[in-house]
Amino acid sequence: MKIEILGTGCSKCKALFENTKTAVADEKLFAQIEKVEDMQKIMEYSVMSTPALVVDGVIKSTGKLLTAQEIATLFKN
């Protein structure tokens with residue numbers, strides 16, 4: 001599983017990255033987690049509001065700081 005956190009480095013983006021790491025550990029998943037701060041790469045996803053969570057190339061959330069529990073439920077969908 002490849003997970004990308006899209007954001008410019010704001011506090012919410014950093015918190016989403018940490019919450020994602022927690023969710024992956026809690027669910028005992030094997031995942032590559034990457035923080036994407038390059039605006040060009042973010043725009044390739046047509047994301048207008050950050051932070052955004054992308055799982056295996058599919059945008060799961062934009063503009064929200066999700067909790068680890070909320071992120072874990074997204075892995076199951």
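Glutamate 18 counts as partly exposed, at 40% relative accessibility, where partly exposed lies between buried, under 20% relative accessible area, and exposed, over 50%, with a 1.4 Å probe and protein chains only. Before I go on, please keep in mind that this is a predicted model, in which local features need pLDDT of at least 70 and side-chain atom pairs count only at pLDDT 80 or more, while totals for chains, interfaces and linings use all residues. Residues are numbered from 1 along each chain as its sequence is written, and side-chain values use heavy atoms, with hydrogens and water left out.

Glutamate 18 meets lysine 21 in a salt bridge, 3.4 Å from N to O, a salt bridge being a side-chain nitrogen of Lys or Arg within 4 Å of a carboxyl oxygen of Asp or Glu. The two residues are 3 apart in helix H1, and so are separated by about one helical turn; helices (H or I, at least four residues) and strands (E, at least two) are DSSP runs, numbered from the N terminus. Lysine 21 is also partly exposed, at 36%.

The whole structure holds 3 salt bridges. One of them joins lysine 2 to glutamate 34, with the closest N and O atoms 3.9 Å apart, and because lysine 2 lies in strand E1 and glutamate 34 in strand E2, this pair ties together parts that are 32 residues apart in sequence. Lysine 35 forms a salt bridge with glutamate 37, where the closest N and O atoms are 2.7 Å apart. Glycine 9, in the loop between E1 and H1, touches both Lys35 and Glu37 as well as Lys14, not counting residues up to four places away in sequence, contact meaning heavy atoms within 4.5 Å.

Finally, the cysteines: cysteine 13 is buried, with a relative accessible area of 1%, whereas cysteine 10 is partly exposed, at 30%.
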